[in-house]
Amino acid sequence: FGGCTAGPAAALENVAIIEREGLVENSAKVGDYFMEKFAALKEKHSIIGDVRGMGLLLGLELVKDRVTKEPCDESVCMKIVGHCGKN
């Protein structure tokens, strides 16, 4: 079966760039930095129920109560997103 070789060639070049520029290692390093900062925010703000992730795929769980893990209201989340967008 024949096909266009441009797609696989582009994919291989992307992999080469990722390896050459150390992007995976940098993602891990920056992710560790963010995880540390998010953990500090969790200690400071009771609305943050959990911090988890790996590399640059990180997330904060926003809760009403840390014990029950009941999610916070969507309106609160939208306020936080709006604030982040402005800053």
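This is a predicted model: local features need pLDDT of at least 70, side-chain atom pairs count only at pLDDT 80 or more; totals for chains, interfaces and linings use all residues.
Figure 1. Strand E3 covers residues 70–71 and is joined to E2 by two bridges, the two strands running antiparallel. Four residues lie between the strands in the hairpin of E2 and E3.

**Figure 2. Lysine 69 in the loop between E2 and E3.** Lysine 69 is placed in the loop that lies between E2 and E3. This residue is not a glycine, yet its phi is positive, at about 60°. Is lysine 69 buried, partly exposed or exposed? Its relative accessible area is 34%, so lysine 69 counts as partly exposed.

Figure 3. Strand E1 comprises residues 48–54 and strand E2 residues 57–65; six bridges pair them in the antiparallel sense. Two bridge pairs may be picked out in this view. Arginine 52 has glycine 59 of E2 as its bridge partner, and aspartate 50 stands opposite glutamate 61 in E2. The hairpin formed by E1 and E2 has two residues between the strands. In its turn, glycine 55 has a positive phi of about 60°.

**Figure 4. The open sheet of three strands.** The strands of this open sheet follow the order E1-E2-E3, and their pairing is antiparallel. E1 and E3 are the edge strands, as each pairs on one side only. In general, strands of a sheet pair through backbone hydrogen bonds, in either a parallel or an antiparallel way. In a regular strand, side chains alternate between the two faces of the sheet.

**Figure 5. The largest pocket and its lining.** The space in the largest pocket amounts to about 290 Å³. Which residues line the largest pocket? The lining consists of His45, Ile47, Ile48, Leu60, Leu62, Ile80, Val81, His83 and Cys84. Of the lining residues, seven are nonpolar, two are polar and none is charged. E2 and helix H3 (74–86) each contribute at least two residues to the lining. The largest share, four residues, is supplied by H3.

**Figure 6. Helix H3, its span and its exposure.** How many of the 13 residues of H3 are buried? The number is zero, so H3 lies largely in the open. The span of H3 can be checked against its number of residues. At 1.5 Å a residue, its 13 residues should span 18 Å, and the C-alpha atoms at its ends are 19 Å apart, which agrees. As a general point, an α-helix has 3.6 residues a turn, so residues three or four places apart point the same way.

Figure 7. A disulfide is, in general, a covalent bond between the sulfur atoms of two cysteines. The structure holds zero disulfides. Cysteine 84 takes part in no disulfide, and the nearest cysteine sulfur, belonging to cysteine 77, is 11 Å away. Cysteine 84, one of the residues lining the largest pocket, counts as exposed at 54% relative accessibility. Cysteine 4 is also exposed, having a relative accessible area of 64%.

How values were computed: Residues are numbered from 1 along each chain as its sequence is written. Side-chain values use heavy atoms; hydrogens and water are left out. Two strands pair if DSSP finds at least two bridges between them. Buried means under 20% relative accessible area, exposed over 50%, partly exposed in between (1.4 Å probe, protein chains only). On a 1 Å grid over the protein atoms alone, a cavity is a set of points where a 1.4 Å probe fits but cannot get out, and a pocket is an open set with protein on both sides within 12 Å along at least five of seven lines; lining residues have an atom within 4 Å of a point. Grid points are joined across faces, edges and corners, and a volume is the space filled by probe spheres set on the points. Ala, Val, Leu, Ile, Met, Phe, Trp, Tyr, Cys and Pro count as nonpolar, Asp, Glu, Lys and Arg as charged, and the others, Gly among them, as polar. The expected span of a helix is 1.5 Å times one less than its number of residues. A disulfide is a pair of cysteine sulfur atoms within 2.5 Å.
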